[in-house]
Amino acid sequence: MINALTIAGTDPSGGAGIHADLKTFSALGAYGMSVITAQVAQNTQGVQAVLPTPLDFLEKQFFSVIDDVRVDSVKVGALVNPEIVALVAKLLRDHPQLFVVLDTVMIAKGGHPLLVQEAVDTIRDEMLPLSSIITPNLPEAAALLETREAQNYEEMVEQGQALLKLGPKSVLMKGGHLACDESPDVLVTADEVIRFDAKRVKTKNCHGTGCTLSAAIAALYPEHGLVEAVRLAKEYITGALEHADRLEVGKGIGPTHHFYRWW
């Protein structure tokens with residue numbers, strides 16, 4: 001059994017953050033654990049408030065898990081502010097054996113920032129070099145590189161290669177923001193560039209897709225390795241989006257259907 005840890009913020013409406021991560025871990029056969037970086041008051045209509053976790057308590061959560069349980073992979077989500085970024089970076093730096101998936105989450109689906117601007121530099125300098133894989137969408141990649149968003153697949157590859165030079169072992173550029181009929185992603189490593197295509201699913205219910213994809217990679221990597229984990233994770237999130245409209249959650253941007261294979 002794979003033990004997967006998520007380090008992220010909450011979503012009381014259940015569609016994103018640690019709630020989405022734990023659902024994803026369970027759906028893909030991994031045992032899920034969590035360290036909460038912030039309590040986030042949010043729902044399908046937006047984010048109402050963010051309360052960062054005190055640093056000493058965040059650290060205690062981490063060691064409560066790591067001192068007792070074998071951890072096979074770690075997904076890192078919303079880190080909120082520079083102080084939390086620096087602390088999580090220190091904790092991961094002290095445990096270099098961990099496979100780390102960094103979801104460079106910066107803005108919620110409704111447009112509310114989940115990372116203060118001052119923390120972007122800290123993410124770039126401290127977290128990227130510790131990451132086994134980062135999973136930015138096009139706006140996040142542009143923010144990290146301080147450039148404009150990629151407009152096509154070729155520019156996605158270029159920006160993925162530029163991000164690779166900042167220290168992560170691999171980069172998954174997510175192409176959901178491209179204006180095209182497909183939703184291409186591209187995995188960039190030091191050795192290869194691999195394109196993953198999927199049809200664009202027509203649904204407004206896409207809350208938590210970034211959380212879900214990165215958590216899926218964390219759940220799948222220990223058994224399948226990087227390339228197959230990304231392929232299976234892409235397949236899983238596509239299915240979750242295809243079945244999202246079967247759920248009836250909220251009045252805004254609803255969640256994906258994490259358990260579409262069962263109910």
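**Helix packing and a cavity**

User: At roughly what angle do the axes of helix α5 (residues 138-145) and helix α6 (residues 153-164) cross?

Analyst: This is a predicted model, numbered from 1 along each chain, in which local features need pLDDT of at least 70 and side-chain atom pairs 80 or more, while totals for chains, interfaces and linings use all residues. Side-chain values use heavy atoms, without hydrogens and water. Helices are DSSP runs (H or I, at least four residues) numbered from the N terminus, and their axes are lines fitted to C-alpha atoms over the stretch in contact, with angles from 0 to 180 degrees between N-to-C directions. The axes of α5 and α6 come within 10 Å of each other, and they cross at roughly 50 degrees.

User: Is α5 oblique or perpendicular to α6?

Analyst: Angles under 35 degrees count as roughly parallel, over 145 as roughly antiparallel, 65 to 115 as roughly perpendicular and the rest as oblique. The crossing angle of roughly 50 degrees therefore makes the relation of α5 to α6 oblique.

User: How many nonpolar residues are in the contact of α5 with α6?

Analyst: The contact (heavy atoms within 4.5 Å) joins Leu138, Ala141, Ala142, Leu144 and Leu145 of α5 to Met156, Gln159, Ala162 and Leu163 of α6. With Ala, Val, Leu, Ile, Met, Phe, Trp, Tyr, Cys and Pro as nonpolar, Asp, Glu, Lys and Arg as charged, and the others, Gly among them, as polar, the contact has no charged residues, one polar residue, and a nonpolar count of eight.

User: How far apart are the axes of α7 (residues 209-224) and α8 (residues 226-242)?

Analyst: α7 and α8 pack at an angle of about 140 degrees, and the two helices are therefore oblique to each other. The distance between their axes is 8 Å.

User: Which charged residue lines the largest cavity?

Analyst: The lining comprises Gly77, Ala78, Leu79, Leu102, Asp103, Thr104, Val105, Leu115 and Ile123. By class, six are nonpolar, two polar and one charged.

Technical notes. On a 1 Å grid over the protein atoms alone, a cavity is a set of points where a 1.4 Å probe fits but cannot get out, and a pocket is an open set with protein on both sides within 12 Å along at least five of seven lines; lining residues have an atom within 4 Å of a point.
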